[in-house]
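Trainee: I am new to this structure. Please show me how to read it, one feature at a time.

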Amino acid sequence: MRTRDFQDLVVWQRAMTLTREVYELARRLPVEERFALASQMRRAAVSVPANIAEGHASAYGRTFVRHLSIAHASLMELECHLSIAIDVGYLDPGDAATARAASDEVSRMLRAMRRTLRDGLARRSTLDAPPQHTARRNRSQS
């Protein structure tokens with residue numbers, strides 16, 4: 001597997017687009033927020049594609065599902081930061097609309113991807129499990 005196969009993931013591509021949009025929004029915040037809210041927005045946004053990429057390197061196991069969950073949590077953190085920026089008047093709701101729509105799309109994609117991977121892991125573990133009678137016999141021989 002190539003190390004950059006994660007770049008083929010549509011969810012990673014959408015998360016990168018969202019990150020670029022957040023960087024643009026963060027530039028619009030007041031100077032006094034440059035190291036506070038703007039920094040938090042950028043960090044949360046960057047965490048989403050980074051966790052997708054890191055999890056993908058784990059070859060689709062439980063670690064990938066965990067990283068997708070972390071990416072989704074970072075996305076929810078970003079949503080909170082955007083809401084705060086709008087509520088305190090730093091961002092116009094219309095200016096943040098594109099980022100919020102992208103965030104909703106990435107959120108749906110992450111949830112679907114996690115569900116698909118979890119279902120696949122559950123099916124695989126059911127198929128790999130030894131029959132019950134074999135497991136009991138092995139325990140009694142120990």
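Mentor: Start with contact, which means heavy atoms within 4.5 Å. Leaving out residues up to four places away in sequence, L78 touches L18, V22, M41, A44 and A45. A word on the source: this is a predicted model, where local features need pLDDT of at least 70, side-chain atom pairs count only at pLDDT 80 or more, and totals for chains, interfaces and linings use all residues. Residues are numbered from 1 along each chain as its sequence is written, and side-chain values use heavy atoms, with hydrogens and water left out.

Trainee: How many helices and strands are there in the protein chain?

Mentor: Helices (H or I, at least four residues) and strands (E, at least two) are DSSP runs, numbered from the N terminus. The protein chain has five helices and zero strands.

Trainee: What should helix α2 span?

Mentor: The expected span is 1.5 Å times one less than the number of residues. Helix α2 (residues 37–56) has 20 residues, so it should span 28 Å; its end C-alpha atoms are 29 Å apart, which agrees.

Trainee: How many residues of α2 are buried?

Mentor: Buried means under 20% relative accessible area, exposed over 50%, and partly exposed in between (1.4 Å probe, protein chains only). In α2, 14 of the 20 residues are buried. For the protein chain of 142 residues, the buried share is 39%.

Trainee: Which residues have the most contacts inside the largest nonpolar core?

Mentor: In soluble globular proteins, nonpolar side chains tend to be buried together. A nonpolar core is a set of buried Ala, Val, Leu, Ile, Met, Phe, Trp, Tyr and Cys residues joined through side-chain atoms within 4.5 Å. Here the largest one has 36 residues, and L9, M41, V48, I52, L78, L91 and L110 have the most contacts inside it. The largest share of this core, nine residues, comes from α3.

Trainee: How many salt bridges does a search of the whole structure find?

Mentor: A salt bridge is a side-chain nitrogen of Lys or Arg within 4 Å of a carboxyl oxygen of Asp or Glu. The search finds five. One of them joins E105 and R14, with the closest N and O atoms 3.1 Å apart. E105 is in helix α4 and R14 in helix α1, 91 residues apart.

Trainee: Is E79 buried or exposed?

Mentor: E79 has 15% relative accessibility, so it counts as buried. R100 forms a salt bridge with E79, at 3.7 Å between the closest N and O atoms. R100 lies in helix α4 and E79 in helix α3, so the pair ties together parts that are 21 residues apart in sequence.
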